[in-house]
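Subject: Structure for you to look at

Hello,

Here is the structure I promised to pass on.

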Amino acid sequence: MARISARCASERGVVVRGRRGDTGSISKAMNRLTDSAGSSGRPAWVRGIARAMPIVMGYIPIGFAYGVLAQQAGLSLFNTLAMSALVYAGSAQLIAAGLFAAAAPALSIVATTFVVNLRHMLFSAALSPYLKGWRKWELAVFAYELTDESFALHSVRFAANAPSKIEVGALNLTAQLSWILGTWLGAVVGGHIADVRPWALDYTLSAMFIALLVMQVKHRVEVVVALLTGLLAVALTLLKVGQWSVILATMAGATIGVALELLLAKRVADQDAAQQEGAR
Amino acid sequence: MISQGRVFVTIVGMLVVTYLPRVLPLWLFSSRALPPLAIAWLRYVPVAVLSAMLLPSLVLDEGRFALGGHNLYFWAAIPTFFVAWKTRSLFASVLVGMGVVAGARALLNIG
């Protein structure tokens, strides 16, 4: 327990240092780590747009695919775009397009969306310690554009230091606009564009997740958590628990992480006690 | 022919059930001090959730294990992982991952 609070305190220290400006060597190093696209000389909104680029490369083709499917499902152009503007959740939109095509009842589409998107609750909770200084309406805007991908980028960044609200907002807005642009392209010119697979655009987000996962893992315990959670998610997917697999595996994985941390802290404390005993 | 009005109402319903889980934890938790154990738990969420979303997409194909030569997503993950580990650069990792996938599709005609 002592170790957990010590770690919290030290991480808070990093955040505070980061807020004071980009002068601390730690925050500078972390900037290089997470922000290869932006140098500190550029304005915050340019940095936000630059940092969104990996997401943009992934969202345009996936938004495109959703646009094509939504048109095939019989949605009007307005409704196709409205879903990308209002719901803004990739996998749920692709599933919903399929359900509309199958003429599923509205209630079952909404219920499915709820289950598919429930994982955002974990993202929102996990980022909350970093956003203490934000006003309610700023949080409301931020939450509206919280996706798997923006969460992945923010969680690496926030742990290092707190970027400005403008940078965060620019990143989120760029990502959503690219999602809407992809949707529009798919809906309007969908059938006429050749296959995007030769450019490997379908691999952008997987590659981004791999890199962000590697950047997140800093301690032994996190390596164990990443491996166990991933394997658990694979097992749950094979067992056909469907959309719950990510949420269940994540909750189990985080619990295992805390348990390991407590165990290690206890072992260190026991060793210290034994040493003191020996010294006496 | 589906009614576009009904589709729009459904989309609004989707908005509500998607937005509430996105915003409520932020509103509830960002204004108060959480117990250290809860903070420790939340700190493992990013690592856990990234891995939970990623690994099935790399080793499974249509709900089955697929570690054969045709699963380009899995094989391309290895150099991507290595580059991410060595360079710590998001852009370099993404470019290498996409380059390997694009190269394999063009040269080896797989995936």
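**Where the two chains meet**

In chain A, 85 residues are in contact with 66 residues of chain B. Helix 12 of chain A gives the most to this side, with 12 residues. By class, the side of chain A that touches chain B has 57 nonpolar, 21 polar and seven charged residues. Bear in mind that this is a predicted model.

**Chain A as a whole**

What is chain A built from? Its secondary structure comes to 14 helices and zero strands. Read from the N terminus, the elements run α-α-α-α-α-α-α-α-α-α-α-α-α-α. Chain A has 280 residues, and buried residues make up 45% of them. Now take the contacts in chain A with a separation of 6 or more. Residues 24 or more positions apart account for 74% of those contacts.

Between them, 10 residues of domain 1 of chain A are in contact with eight residues of domain 2 of chain A. Which elements give two or more residues to the domain 1 side? They are helix 1 (2–19), helix 7 and helix 12 (204–216) of chain A. Helix 1 of chain A gives the most, with three residues. By class, the domain 1 side has seven nonpolar, one polar and two charged residues.

Two packed helices are described by the angle between their axes and the distance between the axes. An angle over 145 degrees counts as roughly antiparallel.

From helix 6 of chain A, the contact takes in Ser91(A), Ala92(A), Ile95(A), Ala96(A) and Leu99(A). These meet Ile109(A), Thr112(A), Thr113(A), Val116(A) and Asn117(A) in helix 7 of chain A. The residues of this contact divide into six nonpolar, four polar and no charged. Look at the spacing along each helix as you go. An α-helix has 3.6 residues a turn, so residues three or four places apart point the same way.

**Helices 8 and 10 of chain A**

Helix 8 (residues 120–127) and helix 10 (residues 148–160) of chain A pack at an angle of about 20°, with their axes 11 Å apart. Are they parallel or antiparallel? Angles under 35 degrees count as roughly parallel. Helix 8 and helix 10 of chain A are therefore roughly parallel to each other. Helix 8 of chain A passes helix 10 of chain A in a left-handed crossing.

Phe123(A), Ala126(A) and Leu127(A) in helix 8 of chain A meet Phe151(A), His154(A), Ser155(A) and Phe158(A) in helix 10 of chain A. This contact divides into five nonpolar, two polar and no charged residues.

**Helix 5 of chain A**

Helix 5 covers residues 77–86 of chain A. Its buried residues are Asn79(A), Thr80(A), Ala82(A), Met83(A) and Ser84(A). What covers them? The cover includes helix 4 (53–72), helix 6 and helix 11 (165–189) of chain A, together with helix 1 (4–29) of chain B. Just after helix 5 of chain A, Tyr88(A) takes a positive phi of about 50°.

Best wishes

Definitions and conventions
Residues numbered from 1 in each chain as written. Chains lettered and ligands numbered in written order. Predicted model: local features only at pLDDT ≥ 70, side-chain atom pairs only at ≥ 80, totals over all residues. Axes fitted to C-alpha atoms, helices over the stretch in contact; angles between N-to-C directions. Helix = DSSP H or I, 4+ residues; strand = E, 2+ residues; numbered from the N terminus. Parallel < 35°, antiparallel > 145°, perpendicular 65-115°, else oblique. Left-handed = near helix turned anticlockwise from the far one by under 90°. Contact = placed C-beta atoms within 7 Å. Nonpolar A, V, L, I, M, F, W, Y, C, P; charged D, E, K, R; others polar. Buried ≥ 20, exposed ≤ 12 C-beta atoms within 10 Å, placed from the backbone.
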